[in-house]
Amino acid sequence: MKFIICENPAELGEIVSELILDQIRYNPSSKLCIPTGSTPIPAYQHLVQKVKALDFDISHVHFYNLDEYLGLPRDHEQSYQTFLSQQVLDPLEIKASHRHLLRSDNPNPQEECIRNNKEIDEIKCFDLFMDGIGENGHIAFNEPATYFEARTHIADISESTRIANARFFSSLDEVPKQAISVGFEDIMKSKMIILVATGAKKAPVIKKLISETNITCDFPISFLRMHNNVTIVLDKLACGSCLDQLT
Ligand code: PGA
């Protein structure tokens, strides 16, 4: 795992947007699986600014989301489709055929998982999989568990993640209890993985990632130790007591 340490979230946004642009320069038809959450927002803002300023052609890039709440209308303000549309896809004017989004309102979520797996099968793998880091080490909605579903699946959202995400809703009761999530088989097949984390709340999970060496379903991010192209971009607060070790 390679670490990049930034001064603050703004610098992280700058660096991560460059990593995304590098991937698109390398392969203009890149298949990007990208996250929601608060951490990637500065990266998306920089990405949109740079694409516009450079008149950068991203019309061949395909975008996928890595997870989606279950049971929300697709246009709900907290659906991940709404988030990605507002932050990335609409500002970049990505055409509908290049938006591969999970459907939160499919009355048959199992069918939605199968549909998503077929979409992934068509491309074989993501060129870039990017994600934030859950305080409990989750990756997408692969929460700490006794075993993992390998591919896209219906996931129970852990209580700690629901509490962490309640800040986006008016009450904890409104936070969905289930989601659809890509699974570790497809995450591990991705050619490149970028993880981002900012703020002191993420320092304990980063410390655990650095100080422990075991690979366990109890700590999902630990699986990425087996991937050969993972870049973790952190701000100084997320490094916490590991800052000296990482710089
Ligand atoms: P955050 O979410 O970027 O809002 O901290 C990360 C995550 O829970 O995966």
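**Exercise 1. Which strands does helix H1 lie across, and at what angle does it run to S10?**

Step 1. Helix H1 spans residues 9-26 and lies across S1, S2, strand S6 (128-132), strand S9 (192-197) and strand S10 (230-235). Contact here means heavy atoms within 4.5 Å. Helices (H or I, at least four residues) and strands (E, at least two) are DSSP runs, numbered from the N terminus.

Step 2. H1 runs at about 155° to S10. Axes are lines fitted to C-alpha atoms, for helices over the stretch in contact; angles run from 0 to 180 degrees between N-to-C directions.

Step 3. Keep the source in mind. This is a predicted model: local features need pLDDT of at least 70, side-chain atom pairs count only at pLDDT 80 or more, and totals for chains, interfaces and linings use all residues. Residues are numbered from 1 along each chain as its sequence is written, and side-chain values use heavy atoms, with hydrogens and water left out.

**Exercise 2. Give the strand order of the open sheet, and find its edges.**

Step 1. The seven strands follow the order S1-S10-S9-S6-S2-S3-S5, with parallel pairing. Two strands pair if DSSP finds at least two bridges between them.

Step 2. Strands S1 (2-6) and S5 (99-100) each have a single partner strand, so one side of each is left without a neighbour in the sheet.

Step 3. Check one pair. S2 (residues 31-34) and S3 (residues 62-65) are joined over four bridges. Leu32 has Phe63 as its bridge partner in S3.

**Exercise 3. How many residues of H3 are buried, and what covers them?**

Step 1. Eight of its ten residues are buried. Buried means under 20% relative accessible area, with a 1.4 Å probe and protein chains only. Among them are Tyr80, Phe83 and Leu84.

Step 2. The cover includes S2, helix H2 (41-54), S3, S4, S5 and H5.

**Exercise 4. Is Asn165 buried or exposed, and which residues does it touch?**

Step 1. Asn165 lies in helix H5 (residues 159-165). Its relative accessibility is 12%, so Asn165 counts as buried.

Step 2. Not counting residues up to four places away in sequence, Asn165 touches Tyr69, Tyr80, Phe141 and Val175.

Step 3. The side chains of Asn165 and Tyr69 make a polar contact of 3.0 Å. Such a contact is a pair of N or O atoms within 3.5 Å; within protein, one must be able to donate a hydrogen and the other to accept it, and residues adjacent in sequence count only if both atoms are side-chain atoms.

Technical notes. Buried < 20%, exposed > 50% of the residue type's maximum accessible area, 1.4 Å probe, protein only.
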